[in-house]
Amino acid sequence: MPAQLSLREATVSRGDRPLLERVSITVRPGERVGLVGENGAGKSTLLKVLAGAEPPDDGSVVTEAEGGIGYLPQTPRFPPGGTVADAVDEALSELRAIERALRDLEPTLGAGDAGALEEYGRLLTAFEARGGYEADARVDKALHALGLAGVDRDRRLDTLSGGQQARLGLACLLAAAPETMLLDEPTNHLDETALTWLEDTLRAHRGTVVVVSHDRAFLERVATAVLEVDADRRTVVRYGGGYAGYVAERLAAR
């Protein structure tokens, strides 16, 4: 089943302040969507709703992807008292669970159990689709690209700076390679080299990406469509043609 990411007639508020009223949007499978809008318009809140991290006040949200869903807030949530290795293990937990299930089924394959063979095939397809065999190599590559190669895996997370924690969260999510990625300001704390690597990685991703960002150049290079949170009208407007299409349509409307 293709990934599904949509809101239908959704109303969202923050405390007593309404942000969105009866909004319906759909992100198509394989799109890379830039989520933009004024500060305080509700971009991060909308991303949380799309990720299933917060429910809408009214309406419905559908967030489904057979290849997994990854959500990265601006401040990553790590296991309390954990280490860098713990953060990596948590990020790869789904892939490692699939790998364990495959190993558990292997002894039964020679017995001609059709059900076990079918389940093994299903799990193997899912594992290979997410690049399960390369997951640990992706961790090393991501940590190096994001300037964390010198950080010991046994180092406690609470000794990392805020910027290091943000980059670690990004590295972990990209290494896990979920089909659908929802990222809130992932370009914060990145130097030019790391930013270029992130852009290349997202463009190469075969799944769906929704990213909140104020970085125009980043959105120009990555986004295939733009969703603008309109604070005045409490709605979300879709623009095709990437960031350039968004800018052109906005100028034409003015």
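**Figure 1. The lining of the second largest pocket has 13 nonpolar, four polar and four charged residues.** The model shown here and in the other views is predicted. The second largest pocket holds about 500 Å³ of space. Its lining comprises 21 residues, and Gly 70, Tyr 71, Glu 90, Ala 91 and Leu 173 are the closest to the centre of this pocket. Two or more lining residues come from each of β5 (69–72), α2 (84–91), α3 and α6.

Figure 2. The elements that supply two or more residues to the lining are α4, α5, α6 and α7 (192–204). With five residues, α4 gives the most to the lining of the largest pocket. By class, this lining divides into 13 nonpolar, six polar and seven charged residues.

**Figure 3. Ala 177 has a positive phi of about 50° and is not a glycine.** Ala 177 sits in the loop between α6 and β6 (180–184). Is Ala 177 buried or exposed? Ala 177 counts as buried, because its relative accessibility is 18% and the cut-off for buried is under 20%.

**Figure 4. Glu 94 and Arg 130 form a salt bridge through their side chains, with an N to O distance of 2.9 Å.** This pair links distant parts of the chain, as Glu 94 belongs to helix α3 (residues 93–105) and Arg 130 to the loop between α4 (114–129) and α5 (135–145), 36 residues apart. Glu 94 is partly exposed at a relative accessible area of 43%, whereas Arg 130 is buried at 9%.

**Figure 5. Asp 89 and Arg 96 are joined by a salt bridge whose closest N and O atoms are 2.4 Å apart.** Asp 89 counts as partly exposed, with a relative accessibility of 38%. Arg 96 is likewise partly exposed, at 24% relative accessible area.

**Figure 6. Glu 31 forms a salt bridge with Arg 28, and their closest N and O atoms lie 3.3 Å apart.** How accessible is Glu 31? Glu 31 is buried, with a relative accessible area of 10%. Arg 28 is partly exposed, with a relative accessibility of 48%. In the structure as a whole, the count comes to 17 salt bridges.

**Figure 7. The largest cavity holds about 50 Å³ of space.** How many cavities of 30 Å³ or more does a search of the whole structure find? The search finds one. Ala 3, Gln 4, Leu 5, Val 27, Arg 28, Pro 29, Thr 63, Glu 64, Thr 180 and Thr 208 form the lining of the largest cavity. The elements that give two or more residues to this lining are β1 (4–14) and β4 (58–64). By class, the lining of the largest cavity has four nonpolar, four polar and two charged residues.

**Figure 8. The largest nonpolar core has 51 residues, and Leu 168, Leu 174, Leu 198, Leu 202 and Phe 218 are those with the most contacts inside it.** Helix α6 (residues 162–176) gives the most to this core, with eight residues. Apart from it lies another core of 25 residues, including Val 23, Ile 25, Val 33 and Leu 47. In soluble globular proteins, nonpolar side chains tend to be buried together. Not counting residues up to four places away in sequence, Leu 174 touches Arg 138, Met 181, Trp 197, Leu 198, Thr 201 and Leu 202.

**Figure 9. Arg 22 has a positive phi of about 50° although the residue is not a glycine.** Which strand contains Arg 22? Arg 22 is found in strand β2 (residues 17–27). Its relative accessible area is 57%, so Arg 22 is exposed.

**Figure 10. Glu 249 belongs to helix α9 (residues 242–253).** Glu 249 is partly exposed, at a relative accessible area of 41%. Leaving aside neighbours within four places in sequence, Glu 249 is in contact with Tyr 239 and Gly 240. Arg 155 is 94 residues away from Glu 249 along the chain, and the C-alpha atoms of the two residues are separated by 48 Å.

Definitions and conventions
Residues are numbered from 1 along each chain as its sequence is written. This is a predicted model: local features need pLDDT of at least 70, side-chain atom pairs count only at pLDDT 80 or more; totals for chains, interfaces and linings use all residues. Side-chain values use heavy atoms; hydrogens and water are left out. A salt bridge is a side-chain nitrogen of Lys or Arg within 4 Å of a carboxyl oxygen of Asp or Glu. Buried means under 20% relative accessible area, exposed over 50%, partly exposed in between (1.4 Å probe, protein chains only). Helices (H or I, at least four residues) and strands (E, at least two) are DSSP runs, numbered from the N terminus. Contact means heavy atoms within 4.5 Å. A nonpolar core is a set of buried Ala, Val, Leu, Ile, Met, Phe, Trp, Tyr and Cys residues joined through side-chain atoms within 4.5 Å. On a 1 Å grid over the protein atoms alone, a cavity is a set of points where a 1.4 Å probe fits but cannot get out, and a pocket is an open set with protein on both sides within 12 Å along at least five of seven lines; lining residues have an atom within 4 Å of a point. Grid points are joined across faces, edges and corners, and a volume is the space filled by probe spheres set on the points. Ala, Val, Leu, Ile, Met, Phe, Trp, Tyr, Cys and Pro count as nonpolar, Asp, Glu, Lys and Arg as charged, and the others, Gly among them, as polar.
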